[in-house]
Amino acid sequence: DKSSIKANAKRWDHFFSEEAQRRKPSSIKAAARAASEPGMISLGAGAPSAAYFPFEAVHVNIANPPGFSGAPEGSESILHMAKYDFEPNSSEYSLDVALNYGQGSGAAQMLRFVTEHTELMHSPPYADWGCCMTVGSTSAWDSTLRMFCEKGDYIIVEKYTFASALETAWSLGINALPVGMDAQGLIPDALDKELSSWEESKRKARKPFLLYMVPTGQNPTGATQSLERRKAIYAVAQKHGLYIVEDEPYYYLQLPAFRAKEPSGETQGCGLVPSYLSLDVDGRVLRMDSLSKVLAPGSRTGWVTASQQVIEKFVRQNETSSQHPSGFSQVIIFKLLNHHWGHLGFFKWLENIRAEYMWRRDAFVQACVNFLPEGIAHFVPSEAGMFQWIEIDWKSHPLYKTGAGHQKIQQTIFDSAVQKKVFLVPGTCFWSASELPEDRMFFRATYASASQEDLVEAARRFGDALKDEFQ
Ligand code: PMP
Ligand code: PLP
């Protein structure tokens, strides 16, 4: 029994926002415990009868990737879900249940699957951890900020970070404290220095304690933190009493080779860089997982993992907002993951997706090598995720000598690229500091969805735009 040897998580009462402290369990839900007694006629829950749902059954065609359980290439499997087809050990989760109101933590069936998956992948090193289903990491991040922060607080972020994560914070009146990055993401010494030199009176804000990071295939830089880097950052977090949020939609898109193994409980990470969750002896990490990049973004399904104290707050928050992912999403994904694929099949699927991103990255990076002008464009090939970060030596642009600044030159290059019919996102869209950068210039390219031909053509066009601009 692992729980007898692992300690419980630290308590985070001192970090909860006023909003989180005001969240209490629903009084109806507490009273409704009586409704589950045998023989009870419930006139309680305001839930409609499934008899009035017009959806009698759902049939879903699932693609069988090449080499998948011996299925012929290009073949499909059909999953059936119907009302009232509950059967212990076979169906477990029927349409009438899925389409009614459920728990704030998500369907028990789905929750069990992701909890098992989390144990297999990360085996958190403390006892009282748990998961809660979410409608994706966008929403989970909004919930997290509401749970930990007050207006006027600072959160700690990577210098360049996911634009929507910044917008969520800014719209809540929360400020960003940017910390320097290198090719491996956030720099631990820079983090320590920022926090050690924090002056409440000068900043007119308490010392930041919430650290938001995208440790793997970072959006937008593509940077992936090594295990040593993660350990060093965790140590700084312990020193300054930080709470860590790891937002990991690209965790499975790690491009160095990894192989799925039997889920024996010892396969931790299947060769993937260990997560913060797997290093988290204190229970100071909230991990956000998302099915958006490995199944489909429109499923709006993901989950968070943290200590039970934090998970309980998440459940309370779901109860008064999204409630839980859509019943259609949960029942379809559960049938797919639990019944059709199982844990091993899901690992194989993840490996299959990873292989797709591998050829995409290779095709795009090779085209960049071939077409981007040397000395003007610089890049380190991405090792995870869907982004390639490209640095431009903007100080050798002809306009620089005439006194043009970063913004003007970035715009000129962007316009030139658009004129050549290629769209990349200017780096400043991800800039987390209030004053604009003056030092380095970047553009973000994604190789996630363009065809192989278009990936090559896009690099050629961007290369042509740069050659025109810098001649
Ligand atoms: N508003 C009112 C007045 C309700 O009665 C209910 C359902 N009981 C809701 C909102 C919740 O609606 P939804 O299921 O769309 O979240
Ligand atoms: N977090 C990061 C770092 C992302 O890049 C994205 C998607 O672009 C998301 C979260 C959004 O995830 P979800 O679809 O689960 O809301």
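**Helix packing, domains and a ligand shell**

User: Happy to dig in! In which hand does α14 pass α15?

Analyst: In this predicted model, α14 passes α15 in a crossing that is right-handed.

The contact is made by Thr-412, Ile-413, Ser-416 and Ala-417 on the α14 side, with Phe-462, Ala-465, Asp-468 and Glu-469 on the α15 side. By class, that contact has four nonpolar, two polar and two charged residues. So, to name the hand you asked for, the crossing is right-handed.

User: Thanks! How are α4 and α12 oriented to each other: parallel, perpendicular or oblique?

Analyst: Let's start with the geometry: helix α4 (residues 108–122) and helix α12 (residues 327–371) have axes 9 Å apart and pack at an angle of about 45 degrees. Angles of 65 to 115 degrees would count as roughly perpendicular and those under 35 as roughly parallel. The pair is therefore oblique.

User: And how many charged residues are in the contact of α4 with α12?

Analyst: From α4, the residues involved are Gln-109, Met-110, Phe-113, Glu-116, His-117 and Leu-120. They meet Gln-330, Ile-333, Phe-334, Leu-337, Asn-338 and His-343 of α12. Sorted by class, there are six nonpolar and five polar residues, and the charged count is one.

User: Nice. How many polar residues does the shell around ligand 2 have?

Analyst: The residues around ligand 2 include Gly-136, Ser-137, Thr-138, Asn-219 and Asp-247. Phe-162, Val-214 and Pro-249 are also among them. The shell has four nonpolar residues and one charged, while the polar count is seven.

User: Last one: how far apart do the C-alpha centres of domain 1 and domain 2 lie?

Analyst: Domain 1 spans 50–100 and domain 2 spans 104–325. Their C-alpha centres are separated by 32 Å.

Technical notes:
Residues numbered from 1 in each chain as written. Chains lettered and ligands numbered in written order. Predicted model: local features only at pLDDT ≥ 70, side-chain atom pairs only at ≥ 80, totals over all residues. Axes fitted to C-alpha atoms, helices over the stretch in contact; angles between N-to-C directions. Helix = DSSP H or I, 4+ residues; strand = E, 2+ residues; numbered from the N terminus. Parallel < 35°, antiparallel > 145°, perpendicular 65-115°, else oblique. Contact = placed C-beta atoms within 7 Å. Nonpolar A, V, L, I, M, F, W, Y, C, P; charged D, E, K, R; others polar. Domains from an automatic or database assignment. Near = placed C-beta within 6 Å.
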